Amino acid sequence: MSTVDVLAVDGTKSGSVELPSEVFDVQANIALMHQVVVAQLAAARQGTHKTKTRGEVSGGGKKPYKQKGTGRARQGSIRAPQFAGGGVVHGPVPRDYRQRTPKKMKAAALRGALSDRARNGQVHVVETFVAGEKPSTKAAIATLRKVTQAKRVLVVLSGTDELNWLSLRNEPSVHLLEAGQLNTYDVLVADDVVFTREALDEFLGRRGGAQGEESEK
């Protein structure tokens with residue numbers, strides 16, 4: 001079980017928290033993570049693409065010219081696929097791209113992704129990003145840059161943390177997620193992952209943070 005420092009708003013160490021080895025120190029299954037990420041990206045597709053067949057294109061009800069005697073190939077409609085403005089053959093139709101992925105596979109892939117980030121020192125924990133009760137993007141970014149200088153940062157907040165959410169939502173280098181929405185793709189696409197202490201406790205199911213923490217005196 002590894003330990004990571006918990007940083008205060010001013011960047012100083014305010015304590016430490018232990019990262020359970022069963023979540024942050026497991027063997028990463030690359031093939032599994034790839035499968036889960038592909039399924040997640042596929043599920044995000046709308047699947048509303050559609051082209052019209054020759055039966056759906058307007059016009060073309062009249063035979064363009066007589067069957068014989070013109071020297072040209074016989075044609076029955078100007079909306080046939082070979083004509084400009086005609087229907088499309090074998091074009092896309094609306095469909096559902098979702099792939100069935102068992103919950104255990106998703107959980108295992110997420111553990112592997114978090115373990116990879118933790119082993120490389122890319123998992124951080126802060127008390128909060130803003131002191132006080134008023135949202136401040138400037139103050140939140142200042143706190144974040146004391147933790148990491150990464151260009152793509154995943155910040156994980158608790159479901160009730162409105163103050164930090166309002167403070168960081170407009171920063172383009174930050175992607176915000178609630179602890180219950182944490183997923184493999186967002187962990188892998190980010191350079192660093194930053195939890196608030198409350199969000200980490202919520203993610204690990206340790207309400208109040210009573211387990212695995214050691215505060216500095």
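**Exercise 1.** Find out how much space the largest pocket holds and which residues line it.

*Solution.* Start with the volume: the largest pocket has about 210 Å³ of space. A pocket here is an open set of points on a 1 Å grid over the protein atoms alone, where a 1.4 Å probe fits, with protein on both sides within 12 Å along at least five of seven lines; lining residues have an atom within 4 Å of a point. The volume is the space filled by probe spheres set on the points, which are joined across faces, edges and corners.

Before going on, note that this is a predicted model, where local features need pLDDT of at least 70 and side-chain atom pairs 80 or more, while totals for chains, interfaces and linings use all residues. Residues are numbered from 1 along each chain, and side-chain values use heavy atoms, leaving out hydrogens and water.

Next, the lining: among its residues are Val 36, Ala 39, Gln 40, Arg 98, Lys 106, Leu 110 and Leu 182. Helix 2 gives the largest share, four residues (helices are DSSP runs of H or I, at least four residues, numbered from the N terminus).

**Exercise 2.** Now do the second largest pocket: what is its volume, and which helix gives the most to its lining?

*Solution.* The volume is about 160 Å³. Leu 110 and Leu 182 are among the lining residues, along with Val 23 and Phe 203. Helix 3 gives the most, with three residues, and helix 7 (197-204) supplies at least two.
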